[in-house]
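Thanks for taking a look at this one with me. Below are some notes to read alongside the structure, written for someone meeting it for the first time.

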Amino acid sequence: MEITFTIDLEDPSERYAPEGQYVLMTRRILDLCAANGRKATFFTIGRVAEAAPDLVREIAMQGHEIAYHSHNHLALTLENPACFQRESAADKDRLEQLAQRPVIGFRAPRFSLTPQSLWALDILAELGFRYSSSIMPTDISLFGFPEASQAPFAWPNGMIEFPLPVAKLGKYRLPYLGGIYLYTMPKFALRLFLAKARADEVLWTYAHPYDFDDGEKFARMPNTPLWISLVLWLARRNASGKIWHVLDLGNAPPLCERLPDAKGA
Ligand SMILES: [Zn+2]
């Protein structure tokens, strides 16, 4: 089984301090990758490149892929296209200078590439991005692209999409390889879903630096009921073990190296 490890490199506190907790946790992820012979894709927020350039250099020097995750984690559906174009161009330049390599991958914050925000794809292609990993092919979440294929496909402008892996459960399509879906999923269900994955799918997990923070103190999330904040916090305490459980089932290179696997595209 081939499963790529992807990380959304962002700071949930939005402070982006040069040595913030997100930096320490990213270093922890780098150490774990080195110990396990893993190369991952780091979808990096533009503000991280500004605040912690050495971290981005370090990630690239260790052989991981640097990709882009927007300037400030605003959902694409709330972005202004001109502003998105300007910020993405500047951030791509900065990331490429730090990584010393072309940056060709993009992930929309919160998988917010939907039928309403498709305008972003042409801007991204013009800037030289070659693939996106930005859609949830399901209708169970706030952002989704329910009609989309589960296998990688090409958008009309030629960009390749790697959709979030989902499993069929009755009439639903359920994400299972990242976030709260993964952290609350029993291991037997996880193995069952992986065994049923189609041969033309490209499988990848996603995680965040804060998922690796065992000592994270409980804080109620903004605009979220107390019990949901508590359930998410408790689930994250189990997160890094669950991520490595999945990654141990199969190794695969960063997404940029899996473009040839996008067979149907
Ligand atoms: Zn994110």
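1. A word on the source before we start: what you see is a predicted model. Please keep that in mind as you go through the points.

2. Let's begin with helix H3 (residues 53-61) and helix H4 (residues 81-99), whose axes come within 8 Å and cross at roughly 55°. The two helices are therefore oblique to each other. If you look at the sense of the crossing, H3 and H4 make a right-handed one.

3. Which residues of H3 and H4 make the contact? On the H3 side you will find Pro-53, Val-56, Arg-57 and Ala-60, and H4 brings Leu-95, Leu-98 and Ala-99. Sorted by class, the contact of H3 with H4 has six nonpolar residues and one charged residue, with no polar ones.

4. Helix H4 also holds Pro-81. With a relative accessible area of 37%, Pro-81 is partly exposed. Setting aside neighbours within four places in sequence, Pro-81 is in contact with Trp-119 and Ile-123. For a sense of scale along the chain, Pro-81 and Asp-91 are ten residues apart, and their C-alpha atoms are separated by 15 Å.

5. Now to the aromatic rings. How many aromatic pairs does the structure hold? There are 15 aromatic pairs. In one of them, Phe-84 and Phe-106 have ring centres 5.9 Å apart and planes at 85°, so the pair is edge-to-face; the cut-off for that label is an angle over 60 degrees. Phe-84 lies in helix H4 and Phe-106 in strand E4 (residues 105-106), so this pair ties together parts that are 22 residues apart in sequence.

6. Are these two phenylalanines buried or exposed? Phe-84 is buried, with a relative accessible area of 1%. Phe-106 counts as buried too, at 1% relative accessibility. Both also belong to one aromatic cluster, formed by Tyr-68, Phe-84, Phe-106, Trp-119 and Phe-129.

7. Another pair is worth a look. The ring centres of Tyr-131 and Phe-162 are 5.4 Å apart and their planes stand at 75°, so this pair is edge-to-face. Tyr-131 sits in strand E5 (residues 131-132), whereas Phe-162 is in the loop between strand E7 (160-161) and strand E8 (166-169); the pair links distant parts of the chain, 31 residues apart. Both Tyr-131 and Phe-162 are buried.

8. Next, turn to helix H7 (residues 187-195) and helix H9 (residues 239-247). Their axes come within 12 Å and cross at roughly 35°, and H7 passes H9 in a right-handed crossing. Lys-187, Leu-190 and Arg-191 of H7 make the contact with Lys-242, His-245 and Val-246 of H9. By class, these residues divide into three charged, two nonpolar and one polar.

9. Finally, find Leu-174, which lies in strand E9 (residues 172-175). What does Leu-174 touch, not counting residues up to four places away in sequence? The list is Ile-140, Pro-165, Val-166, Ala-167, Leu-169, Tyr-181, Met-185 and Phe-193. Thr-138 is 36 residues away from Leu-174 along the chain, and the C-alpha atoms of the two are separated by 7.0 Å.

How values were computed: Residues are numbered from 1 along each chain as its sequence is written. This is a predicted model: local features need pLDDT of at least 70, side-chain atom pairs count only at pLDDT 80 or more; totals for chains, interfaces and linings use all residues. Side-chain values use heavy atoms; hydrogens and water are left out. Axes are lines fitted to C-alpha atoms, for helices over the stretch in contact, and angles run from 0 to 180 degrees between N-to-C directions. Helices (H or I, at least four residues) and strands (E, at least two) are DSSP runs, numbered from the N terminus. Angles under 35 degrees count as roughly parallel, over 145 as roughly antiparallel, 65 to 115 as roughly perpendicular and the rest as oblique. A crossing is left-handed if the near helix is turned anticlockwise from the far one by less than a right angle, and right-handed if clockwise. Contact means heavy atoms within 4.5 Å. Ala, Val, Leu, Ile, Met, Phe, Trp, Tyr, Cys and Pro count as nonpolar, Asp, Glu, Lys and Arg as charged, and the others, Gly among them, as polar. Rings of Phe, Tyr and Trp (its six-membered ring) pair if their centres lie within 6.5 Å; planes under 30 degrees apart count as stacked, over 60 as edge-to-face and the rest as tilted. Buried means under 20% relative accessible area, exposed over 50%, partly exposed in between (1.4 Å probe, protein chains only).
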